[in-house]
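Here are my notes for you to read alongside the model.

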Amino acid sequence: MALSKLSSSSSLSTNILKPLTNSFFLHRPISTDTTPLTIETSVPFTSHQCEAPSRSVETTPKELLSFFRQMATMRRMEIAADSLYKAKLVRGFCHLYDGQEAVAIGMEAGITKKDSIITAYRDHCTFLGRGGTLLEVFSELMGRKDGCSHGKGGSMHFYKKDSGFYGGHGIVGAQIPLGCGLAFAQKYSKDETVTFALYGDGAANQGQLFEALNIAALWDLPAILVCENNHYGMGTAEWRAAKSPSYYKRGDYVPGLKVDGMDALAVKQACKFAKEHALKNGPMILEMDTYRYHGHSMSDPGSTYRTRDEISGVRQERDPIERIRKLILAHDLATEKELKDIEKEVRKEVDDAIAKAKESPMPEPSELFTNVYVKGYGVELQSCAILANQLAVGHVLRTKRWASPLPQFDLPPFLLPRGTIDKVTRGQTAPSYCGFATSQSGDL
Ligand SMILES: Cc1ncc(C[n+]2csc(CCOP(=O)(O)OP(=O)(O)O)c2C)c(N)n1
Ligand SMILES: [Mg+2]
């Protein structure tokens, strides 16, 4: 695997930003300084069927500090989730995102909460990036009431509809057509927003991606398909699964961009660029070159199909948090001690959230079958909160047959033709539905 290197000497010594004196910064609270800065991305963008955006990214000390804090929080949260899992407080499936934090952080910096995001099962940090809280994360992981899906979704089914986060999906690739459905709704309602549909390098080989992309391109939908290329699908290296690993080119007639997904500023620049493109011209593919430190899921130690040297090499040369730390220090935006203090605070926030989540009650047994079926429609339509959400976004414009709302989740369930229900439920009801059981009782 060719790892694009974080070259600390070349990127950090770039003279685009003229270092200012320490005293200048010492008089400003570091978290509020909005002096404009221009920083060059670690590596150039590579484009397909479009011009690449500039490597010079506008930022501020405030933004860099917030990148650092947020990524440190995500990293700590994922490590804590690992411990909770090993202590058997989190059960069932659990996929961690440490290593990939710059994608979630950079994407949020390039878009707004009015834009939509939909992703796969590696969803904890995307949820946090959308404004979710640590308490909601840990409660959901432990199957408690205060979780973002009321403890009924578990690790793979995080949602935050009020800031445009549509999950959290366990079926590889399923979120891509659903994301295009969201983009269809956005275009239909002319609200000048876009959808980012994230998927992995493994999912990039799914047929449904190409079907959805074809329609999205035909109808100029504001859909940005983001391939988070962490170079493995479970234990299979990309070169064993993909004839062409240039995922940014695989939309053929759809423009694409390859981005250093370990550089939050590059991700921000690419997402801004893609949003502007998509609003005017329709879909675009972004390939984020990234890496996951953990194994695929908690049952995978992650070291049988890749060497320890490879993992530690990425940590040393490309780690997204270390990159931002070096930038902050190189430009005297904060001291090492200040950054260490932020990490200490983050640790405490995570510990406090876990303690609180442990106090959150389990859902009542009477909740077991709520949000699963809507009564009175003959065919018992699956309307588990999670599926209602999936269907709402993917099929609203197709079916136009509304059923009554689900008060608990403020979601519109739909009555779908029987064939559609069967098709969807076969693929998706089981994992979503079982999230509740698995998050509380054990492995499937
Ligand atoms: C349709 C389908 N096939 C197989 C699986 C089992 N599965 C879960 S994750 C995964 C690998 C996906 O890899 P990738 O898309 O690269 O995402 P990553 O886990 O690396 O984020 C597979 C095969 C599934 N959940 N759904
Ligand atoms: Mg992958």
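Which residue of β3 does L37 stand opposite? L37 stands opposite T59.

1. Some housekeeping. This is a predicted model, in which local features need pLDDT of at least 70, side-chain atom pairs count only at pLDDT 80 or more, and totals for chains, interfaces and linings use all residues. Residues are numbered from 1 along each chain as its sequence is written, chains are lettered from A and ligands numbered from 1 in the order in which they are written, and side-chain values use heavy atoms, with hydrogens and water left out.

2. The strand pair. Strands β1 (residues 37-40) and β3 (residues 56-59) run antiparallel and are joined by four bridges; strands are DSSP runs of E with at least two residues, helices runs of H or I with at least four, both numbered from the N terminus. L37 and I39 form the covered face of β1, while T38 and E40 form the uncovered one. In a regular strand, side chains alternate between the two faces of the sheet.

3. The ligand. Ligand 1 is surrounded by 15 residues, and Y121, R122, G202, A203 and N230 are the closest. An oxygen atom of ligand 1 lies 3.0 Å from a polar side-chain atom of D201, and an oxygen atom of the ligand is 2.8 Å from a backbone N or O atom of G202. On the nitrogen side, a ligand atom is 3.1 Å from a polar backbone atom of V172.

4. The second largest pocket. Y121, R122, V172, M234 and H296 lie nearest its centre, among 34 lining residues. β5 gives the largest share of that lining, three residues. For reference, a pocket is an open set of points on a 1 Å grid over the protein atoms alone, where a 1.4 Å probe fits, with protein on both sides within 12 Å along at least five of seven lines; lining residues have an atom within 4 Å of a point.

5. A glutamate to look at. E108 sits in helix α4 (residues 101-110). E108 counts as buried because its relative accessibility is 12% (buried is under 20% relative accessible area, exposed over 50%, partly exposed in between, with a 1.4 Å probe and protein chains only). Its side chain makes a polar contact with the side chain of K113 at 3.1 Å (a pair of N or O atoms within 3.5 Å; within protein, one must be able to donate a hydrogen and the other to accept it, and residues adjacent in sequence count only if both atoms are side-chain atoms).

6. Backbone geometry. Q49 has a positive phi of about 60 degrees and is exposed at 53% relative accessible area. The G167 to G168 peptide bond is cis, with omega near 25 degrees.

Key. Pairing = 2+ DSSP bridges. Near = heavy atom within 4 Å.
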